[in-house]
Amino acid sequence: MSDVAREAGVGKATAARALGGYGAVSEAVRDRVMAAAERLEYRPNELARSMNTGKSKTIGVIVGDIENGYFGLAMRGISDAAKAAGYDVILINTSENVEAEIDAVRVLLDKRVDGVIVAPASSFETDHLHDVHASGRPMVLLDRHVDGLDVPSVGVDIAVAAQDAAASLLAAGHRRIAFVTALASDESWAPGQPLAVSSVTDRLAGIQAALTASDVEPDTLLVRFGAIGMPAVTAIIDELLALPQPPTAILASDSVIALDMLRVLRSRGIELPRDLSFVMFDDFPWTELVAPPLSVVSQPIYDVGLAAGRKLVRLLAGASGEEAELLAARFIERGSVGVVG
(Lines give C-alpha, C1' and ligand atoms only; values in the text may rest on other atoms or scores of the structure.)
Protein backbone atom coordinates (compact mmCIF):
# COMPACT_ATOMS: atom_id res chain seq x y z
CA MET A 1 0.00 0.00 0.00
CA SER A 2 2.88 2.37 0.83
CA ASP A 3 4.47 1.62 -2.55
CA VAL A 4 1.21 2.35 -4.38
CA ALA A 5 0.72 5.59 -2.46
CA ARG A 6 4.28 6.71 -3.24
CA GLU A 7 3.89 5.80 -6.93
CA ALA A 8 0.60 7.74 -7.17
CA GLY A 9 1.90 10.72 -5.19
CA VAL A 10 -0.77 10.49 -2.50
CA GLY A 11 -0.92 9.62 1.18
CA LYS A 12 -1.31 6.00 2.32
CA ALA A 13 -4.78 6.65 3.75
CA THR A 14 -5.92 8.15 0.44
CA ALA A 15 -4.53 5.15 -1.46
CA ALA A 16 -6.34 2.82 0.92
CA ARG A 17 -9.64 4.62 0.37
CA ALA A 18 -9.21 4.55 -3.40
CA LEU A 19 -8.33 0.85 -3.54
CA GLY A 20 -10.94 -0.12 -0.99
CA GLY A 21 -13.73 1.84 -2.64
CA TYR A 22 -14.75 3.72 0.47
CA GLY A 23 -14.54 7.29 1.73
CA ALA A 24 -14.19 10.54 -0.20
CA VAL A 25 -11.68 10.32 -3.06
CA SER A 26 -11.85 12.36 -6.25
CA GLU A 27 -12.18 10.52 -9.55
CA ALA A 28 -8.82 11.84 -10.74
CA VAL A 29 -7.02 10.63 -7.61
CA ARG A 30 -8.80 7.24 -7.76
CA ASP A 31 -7.70 6.79 -11.38
CA ARG A 32 -4.12 7.72 -10.48
CA VAL A 33 -4.05 5.25 -7.58
CA MET A 34 -5.57 2.44 -9.65
CA ALA A 35 -3.05 3.04 -12.43
CA ALA A 36 -0.20 2.93 -9.93
CA ALA A 37 -1.55 -0.31 -8.45
CA GLU A 38 -1.71 -1.86 -11.93
CA ARG A 39 1.84 -0.80 -12.79
CA LEU A 40 3.13 -2.29 -9.54
CA GLU A 41 0.93 -5.41 -9.88
CA TYR A 42 -0.47 -4.68 -6.43
CA ARG A 43 -2.73 -7.31 -4.88
CA PRO A 44 -4.55 -6.75 -1.56
CA ASN A 45 -3.84 -9.02 1.39
CA GLU A 46 -7.14 -10.88 1.47
CA LEU A 47 -6.47 -12.40 4.89
CA ALA A 48 -5.84 -8.97 6.40
CA ARG A 49 -8.91 -7.61 4.64
CA SER A 50 -11.06 -10.45 6.01
CA MET A 51 -9.80 -9.74 9.54
CA ASN A 52 -10.80 -6.10 9.15
CA THR A 53 -14.17 -6.66 7.50
CA GLY A 54 -15.15 -10.06 8.92
CA LYS A 55 -15.79 -11.22 5.33
CA SER A 56 -13.42 -13.29 3.21
CA LYS A 57 -15.57 -13.41 0.05
CA THR A 58 -14.96 -17.16 -0.07
CA ILE A 59 -17.24 -20.13 0.42
CA GLY A 60 -16.19 -23.64 1.35
CA VAL A 61 -17.52 -26.75 -0.38
CA ILE A 62 -17.17 -30.24 1.09
CA VAL A 63 -17.97 -33.27 -1.07
CA GLY A 64 -17.52 -36.99 -0.63
CA ASP A 65 -15.86 -38.02 -3.90
CA ILE A 66 -14.68 -35.54 -6.51
CA GLU A 67 -13.89 -38.49 -8.80
CA ASN A 68 -17.63 -39.04 -9.03
CA GLY A 69 -18.88 -37.07 -12.03
CA TYR A 70 -21.95 -36.03 -10.04
CA PHE A 71 -19.90 -33.91 -7.66
CA GLY A 72 -17.67 -32.59 -10.42
CA LEU A 73 -20.63 -31.25 -12.38
CA ALA A 74 -22.39 -29.96 -9.25
CA MET A 75 -19.17 -28.19 -8.33
CA ARG A 76 -19.24 -26.41 -11.68
CA GLY A 77 -22.72 -25.10 -10.86
CA ILE A 78 -21.64 -23.96 -7.40
CA SER A 79 -18.57 -22.21 -8.82
CA ASP A 80 -20.61 -20.39 -11.45
CA ALA A 81 -23.08 -19.15 -8.83
CA ALA A 82 -20.27 -18.07 -6.49
CA LYS A 83 -18.29 -16.29 -9.21
CA ALA A 84 -21.35 -14.37 -10.36
CA ALA A 85 -21.76 -13.06 -6.81
CA GLY A 86 -18.07 -12.22 -6.34
CA TYR A 87 -17.09 -15.21 -4.21
CA ASP A 88 -14.17 -17.59 -4.53
CA VAL A 89 -14.53 -21.29 -3.72
CA ILE A 90 -12.42 -23.64 -1.61
CA LEU A 91 -13.12 -27.33 -2.30
CA ILE A 92 -12.30 -30.20 0.07
CA ASN A 93 -12.82 -33.89 -0.72
CA THR A 94 -13.55 -36.29 2.16
CA SER A 95 -13.75 -39.71 0.46
CA GLU A 96 -17.09 -40.06 2.30
CA ASN A 97 -15.23 -40.25 5.61
CA VAL A 98 -16.84 -38.52 8.61
CA GLU A 99 -13.54 -37.83 10.36
CA ALA A 100 -12.21 -36.21 7.19
CA GLU A 101 -15.40 -34.15 6.99
CA ILE A 102 -14.99 -32.97 10.59
CA ASP A 103 -11.43 -31.90 9.77
CA ALA A 104 -12.61 -30.19 6.57
CA VAL A 105 -15.13 -28.13 8.53
CA ARG A 106 -12.40 -27.08 10.95
CA VAL A 107 -10.06 -26.08 8.10
CA LEU A 108 -12.71 -24.02 6.34
CA LEU A 109 -13.76 -22.22 9.51
CA ASP A 110 -10.11 -21.50 10.31
CA LYS A 111 -9.81 -19.97 6.85
CA ARG A 112 -12.76 -17.74 7.69
CA VAL A 113 -15.02 -18.80 4.81
CA ASP A 114 -18.25 -16.86 4.79
CA GLY A 115 -20.46 -19.92 4.26
CA VAL A 116 -20.34 -23.65 3.64
CA ILE A 117 -21.93 -26.11 1.21
CA VAL A 118 -21.59 -29.72 2.27
CA ALA A 119 -22.71 -33.14 1.06
CA PRO A 120 -22.80 -34.91 4.45
CA ALA A 121 -20.94 -38.21 4.63
CA SER A 122 -23.36 -39.37 7.31
CA SER A 123 -26.91 -38.55 8.31
CA PHE A 124 -26.16 -39.88 11.80
CA GLU A 125 -22.80 -38.36 12.82
CA THR A 126 -23.56 -34.67 12.40
CA ASP A 127 -22.49 -32.86 15.58
CA HIS A 128 -19.90 -30.87 13.63
CA LEU A 129 -22.58 -29.65 11.21
CA HIS A 130 -24.86 -28.66 14.08
CA ASP A 131 -21.91 -26.70 15.51
CA VAL A 132 -21.51 -24.80 12.24
CA HIS A 133 -25.21 -23.96 12.24
CA ALA A 134 -25.11 -22.88 15.89
CA SER A 135 -22.19 -20.55 15.14
CA GLY A 136 -24.38 -18.62 12.72
CA ARG A 137 -22.29 -19.49 9.67
CA PRO A 138 -24.66 -19.92 6.68
CA MET A 139 -24.72 -23.51 5.42
CA VAL A 140 -26.49 -25.40 2.63
CA LEU A 141 -26.63 -29.18 2.26
CA LEU A 142 -25.91 -30.58 -1.19
CA ASP A 143 -27.63 -33.69 -2.60
CA ARG A 144 -28.46 -34.96 0.90
CA HIS A 145 -30.50 -33.99 3.93
CA VAL A 146 -30.05 -34.47 7.67
CA ASP A 147 -33.08 -34.86 9.91
CA GLY A 148 -33.04 -32.39 12.80
CA LEU A 149 -30.56 -30.00 11.17
CA ASP A 150 -32.45 -26.81 10.39
CA VAL A 151 -30.53 -25.64 7.32
CA PRO A 152 -31.68 -25.51 3.70
CA SER A 153 -30.73 -28.24 1.24
CA VAL A 154 -30.76 -28.75 -2.51
CA GLY A 155 -31.08 -32.18 -4.04
CA VAL A 156 -33.00 -34.35 -6.46
CA ASP A 157 -36.33 -36.09 -6.01
CA ILE A 158 -34.48 -39.32 -6.69
CA ALA A 159 -36.97 -41.71 -5.07
CA VAL A 160 -39.57 -40.98 -7.75
CA ALA A 161 -37.10 -41.53 -10.59
CA ALA A 162 -35.74 -44.68 -8.94
CA GLN A 163 -39.29 -46.00 -8.69
CA ASP A 164 -39.84 -45.26 -12.38
CA ALA A 165 -36.64 -47.12 -13.31
CA ALA A 166 -37.56 -50.16 -11.23
CA ALA A 167 -41.14 -50.10 -12.53
CA SER A 168 -39.83 -50.15 -16.10
CA LEU A 169 -37.70 -53.21 -15.29
CA LEU A 170 -40.68 -54.90 -13.66
CA ALA A 171 -42.81 -54.15 -16.70
CA ALA A 172 -40.15 -55.90 -18.80
CA GLY A 173 -40.61 -59.02 -16.69
CA HIS A 174 -37.74 -58.63 -14.25
CA ARG A 175 -38.35 -59.84 -10.72
CA ARG A 176 -34.76 -60.26 -9.52
CA ILE A 177 -33.49 -56.66 -9.48
CA ALA A 178 -30.18 -55.94 -7.73
CA PHE A 179 -28.98 -52.58 -6.42
CA VAL A 180 -25.27 -51.87 -5.87
CA THR A 181 -23.87 -48.87 -3.97
CA ALA A 182 -20.48 -47.68 -2.74
CA LEU A 183 -21.97 -46.82 0.63
CA ALA A 184 -20.48 -49.01 3.37
CA SER A 185 -22.87 -50.77 5.73
CA ASP A 186 -21.58 -52.91 8.59
CA GLU A 187 -25.04 -53.93 9.68
CA SER A 188 -27.63 -56.11 7.99
CA TRP A 189 -30.07 -53.98 6.05
CA ALA A 190 -33.85 -54.32 5.97
CA PRO A 191 -36.31 -52.58 3.63
CA GLY A 192 -37.28 -49.16 4.96
CA GLN A 193 -34.21 -48.88 7.19
CA PRO A 194 -32.52 -45.46 6.91
CA LEU A 195 -28.89 -45.45 5.82
CA ALA A 196 -26.04 -43.08 6.57
CA VAL A 197 -26.42 -41.30 3.22
CA SER A 198 -29.95 -40.04 2.63
CA SER A 199 -29.73 -40.10 -1.17
CA VAL A 200 -29.00 -43.86 -1.08
CA THR A 201 -31.90 -44.34 1.33
CA ASP A 202 -34.11 -42.50 -1.17
CA ARG A 203 -32.92 -44.62 -4.09
CA LEU A 204 -33.78 -47.80 -2.23
CA ALA A 205 -37.11 -46.39 -1.09
CA GLY A 206 -38.09 -45.78 -4.71
CA ILE A 207 -37.02 -49.26 -5.80
CA GLN A 208 -38.85 -50.89 -2.90
CA ALA A 209 -42.00 -48.90 -3.69
CA ALA A 210 -41.98 -50.25 -7.25
CA LEU A 211 -41.46 -53.82 -6.03
CA THR A 212 -44.29 -53.51 -3.52
CA ALA A 213 -46.63 -52.08 -6.15
CA SER A 214 -45.95 -55.17 -8.29
CA ASP A 215 -46.33 -57.58 -5.35
CA VAL A 216 -42.66 -58.57 -5.56
CA GLU A 217 -41.06 -59.49 -2.25
CA PRO A 218 -37.81 -57.52 -1.71
CA ASP A 219 -34.73 -59.72 -1.39
CA THR A 220 -31.99 -58.20 0.77
CA LEU A 221 -29.41 -60.47 -0.90
CA LEU A 222 -29.84 -58.34 -4.01
CA VAL A 223 -28.84 -55.12 -2.20
CA ARG A 224 -25.06 -54.84 -2.02
CA PHE A 225 -22.95 -52.25 -0.24
CA GLY A 226 -19.27 -51.26 -0.29
CA ALA A 227 -18.70 -51.23 -4.06
CA ILE A 228 -15.49 -49.20 -3.88
CA GLY A 229 -12.79 -50.12 -6.38
CA MET A 230 -12.44 -53.00 -8.81
CA PRO A 231 -11.72 -55.77 -6.24
CA ALA A 232 -14.89 -54.99 -4.29
CA VAL A 233 -17.03 -54.58 -7.41
CA THR A 234 -15.67 -57.82 -8.86
CA ALA A 235 -16.51 -59.70 -5.67
CA ILE A 236 -20.05 -58.26 -5.60
CA ILE A 237 -20.72 -59.16 -9.25
CA ASP A 238 -19.42 -62.70 -8.78
CA GLU A 239 -21.49 -63.18 -5.61
CA LEU A 240 -24.66 -61.94 -7.32
CA LEU A 241 -24.14 -64.16 -10.36
CA ALA A 242 -23.47 -67.16 -8.10
CA LEU A 243 -26.81 -66.87 -6.26
CA PRO A 244 -29.24 -69.78 -6.74
CA GLN A 245 -31.54 -67.18 -8.32
CA PRO A 246 -29.21 -64.51 -9.74
CA PRO A 247 -30.50 -61.08 -10.69
CA THR A 248 -31.76 -60.45 -14.20
CA ALA A 249 -31.24 -56.71 -13.82
CA ILE A 250 -28.84 -54.46 -11.89
CA LEU A 251 -29.09 -50.81 -10.91
CA ALA A 252 -25.74 -49.10 -10.27
CA SER A 253 -25.98 -46.27 -7.75
CA ASP A 254 -23.56 -43.94 -9.56
CA SER A 255 -21.35 -43.61 -12.62
CA VAL A 256 -18.10 -44.66 -10.91
CA ILE A 257 -19.63 -47.97 -9.83
CA ALA A 258 -21.26 -48.40 -13.24
CA LEU A 259 -17.95 -48.16 -15.10
CA ASP A 260 -16.30 -50.74 -12.84
CA MET A 261 -19.30 -53.03 -13.15
CA LEU A 262 -19.30 -52.82 -16.94
CA ARG A 263 -15.63 -53.80 -17.00
CA VAL A 264 -16.30 -56.81 -14.78
CA LEU A 265 -19.36 -57.90 -16.74
CA ARG A 266 -17.41 -57.71 -19.99
CA SER A 267 -14.60 -59.78 -18.51
CA ARG A 268 -17.17 -62.41 -17.50
CA GLY A 269 -18.64 -62.53 -20.98
CA ILE A 270 -21.96 -61.04 -19.84
CA GLU A 271 -23.70 -59.27 -22.73
CA LEU A 272 -26.18 -56.45 -22.18
CA PRO A 273 -29.15 -56.75 -22.37
CA ARG A 274 -29.14 -60.36 -23.62
CA ASP A 275 -27.76 -61.81 -20.38
CA LEU A 276 -28.46 -58.99 -17.95
CA SER A 277 -30.31 -55.68 -17.98
CA PHE A 278 -28.46 -52.68 -16.62
CA VAL A 279 -29.46 -49.23 -15.36
CA MET A 280 -27.20 -46.60 -13.81
CA PHE A 281 -27.93 -43.43 -11.85
CA ASP A 282 -26.63 -40.29 -13.58
CA ASP A 283 -26.42 -39.53 -17.27
CA PHE A 284 -23.16 -38.53 -18.91
CA PRO A 285 -22.29 -38.32 -22.63
CA TRP A 286 -20.39 -41.62 -22.59
CA THR A 287 -23.55 -43.53 -21.58
CA GLU A 288 -24.90 -43.04 -25.11
CA LEU A 289 -21.61 -44.01 -26.78
CA VAL A 290 -21.17 -47.47 -25.27
CA ALA A 291 -22.79 -50.52 -26.85
CA PRO A 292 -25.58 -50.80 -26.04
CA PRO A 293 -26.42 -47.25 -24.91
CA LEU A 294 -27.21 -47.35 -21.20
CA SER A 295 -30.58 -46.77 -19.61
CA VAL A 296 -30.12 -44.13 -16.94
CA VAL A 297 -31.73 -42.13 -14.18
CA SER A 298 -30.88 -38.64 -15.39
CA GLN A 299 -30.37 -35.95 -12.76
CA PRO A 300 -30.05 -32.17 -13.33
CA ILE A 301 -26.69 -32.18 -11.60
CA TYR A 302 -25.36 -28.82 -12.75
CA ASP A 303 -28.65 -27.18 -11.78
CA VAL A 304 -28.43 -28.73 -8.31
CA GLY A 305 -25.02 -27.16 -7.79
CA LEU A 306 -26.15 -23.83 -9.24
CA ALA A 307 -29.21 -23.77 -6.98
CA ALA A 308 -27.13 -24.64 -3.92
CA GLY A 309 -24.63 -21.89 -4.71
CA ARG A 310 -27.34 -19.31 -5.26
CA LYS A 311 -29.13 -20.35 -2.08
CA LEU A 312 -25.96 -19.86 -0.05
CA VAL A 313 -25.31 -16.48 -1.70
CA ARG A 314 -28.80 -15.36 -0.72
CA LEU A 315 -28.17 -16.45 2.87
CA LEU A 316 -24.91 -14.51 2.88
CA ALA A 317 -26.83 -11.45 1.70
CA GLY A 318 -29.11 -11.74 4.72
CA ALA A 319 -32.03 -13.67 3.25
CA SER A 320 -34.12 -15.88 5.52
CA GLY A 321 -36.74 -18.54 4.99
CA GLU A 322 -34.65 -20.62 2.58
CA GLU A 323 -36.06 -24.15 2.48
CA ALA A 324 -35.29 -27.56 1.02
CA GLU A 325 -35.37 -27.67 -2.76
CA LEU A 326 -35.81 -30.85 -4.79
CA LEU A 327 -35.26 -30.88 -8.54
CA ALA A 328 -36.86 -33.50 -10.76
CA ALA A 329 -34.98 -36.50 -12.15
CA ARG A 330 -36.21 -38.82 -14.88
CA PHE A 331 -35.67 -42.35 -16.11
CA ILE A 332 -34.41 -42.62 -19.70
CA GLU A 333 -34.68 -46.07 -21.25
CA ARG A 334 -32.14 -46.94 -23.93
CA GLY A 335 -30.64 -50.19 -25.09
CA SER A 336 -29.42 -51.84 -21.89
CA VAL A 337 -32.84 -53.04 -20.70
CA GLY A 338 -34.24 -56.23 -22.21
CA VAL A 339 -37.44 -58.22 -21.83
CA VAL A 340 -37.35 -61.36 -19.69
CA GLY A 341 -38.56 -64.54 -21.38
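Student: In which loop is the place of proline 292?
Tutor: This is a predicted model, where local features need pLDDT of at least 70, side-chain atom pairs count only at pLDDT 80 or more, and totals for chains, interfaces and linings use all residues. Residues are numbered from 1 along each chain as its sequence is written, and side-chain values use heavy atoms, with hydrogens and water left out. Helices (H or I, at least four residues) and strands (E, at least two) are DSSP runs, numbered from the N terminus. Proline 292 belongs to the loop between β9 and β10 (295-298).

Student: What is omega at the bond that joins alanine 291 and proline 292?
Tutor: Most peptide bonds are trans. Alanine 291 and proline 292 are joined by a cis bond. Its omega is about -5°.

Student: Which residue is joined to proline 273 by a cis peptide bond?
Tutor: Proline 273 lies in the loop between α11 and β9 (277-281). Its cis bond has an omega of about -10°. The partner is leucine 272.

Student: What is phi of glutamate 41?
Tutor: Find the loop between α3 (27-39) and α4 (46-53), where glutamate 41 lies. Most residues other than glycine have a negative phi. Glutamate 41 is not glycine, yet its phi is positive, near 55°.

Student: How far apart are the axes of helix α8 and helix α9?
Tutor: Two packed helices are described by an angle and a distance between axes. Axes are lines fitted to C-alpha atoms, for helices over the stretch in contact, and angles run from 0 to 180 degrees between N-to-C directions. Helix α8 (residues 158-171) and helix α9 (residues 198-213) pack at about 40°. Their axes lie apart by 7 Å.

Student: Which word describes how α8 and α9 lie to each other?
Tutor: Under 35 degrees is roughly parallel, over 145 roughly antiparallel, 65 to 115 roughly perpendicular, and the rest oblique. The angle here is about 40°. α8 and α9 are therefore oblique.

Student: How many residues of the contact of α8 with α9 are charged?
Tutor: Contact means heavy atoms within 4.5 Å. Ala162, Ala166 and Leu170 are among the α8 residues that make this contact, and Arg203, Gly206 and Ala210 are among those of α9. Ala, Val, Leu, Ile, Met, Phe, Trp, Tyr, Cys and Pro count as nonpolar, Asp, Glu, Lys and Arg as charged, and the others, Gly among them, as polar. Ten of the contact residues are nonpolar and three polar, while the charged ones number two.

Student: Are α5 and α12 parallel or oblique to each other?
Tutor: α5 (69-84) and helix α12 (residues 301-316) have axes that come within 7 Å. The axes cross at roughly 40°. α5 and α12 are therefore oblique.

Student: How many residues of the contact of α5 with α12 are nonpolar?
Tutor: On the α5 side, Leu73, Gly77 and Ala81 are among the residues that take part. They meet α12 residues including Ile301, Gly305 and Val313. Three contact residues are polar and three charged, and the nonpolar ones number ten.

Student: Which elements give two or more residues to the lining of the largest pocket?
Tutor: On a 1 Å grid over the protein atoms alone, a pocket is an open set of points where a 1.4 Å probe fits, with protein on both sides within 12 Å along at least five of seven lines; lining residues have an atom within 4 Å of a point. The largest pocket has 41 lining residues, and Glu96, Ala182, Leu183, Ala184 and Val197 lie nearest its centre. The elements are α5, α9 and α11 (255-267).

Student: How many residues in the lining of the second largest pocket are polar?
Tutor: This pocket has 13 lining residues, with Leu262, Arg266, Leu272, Val290 and Ala291 closest to its centre. Ten of the lining residues are nonpolar and three are charged.
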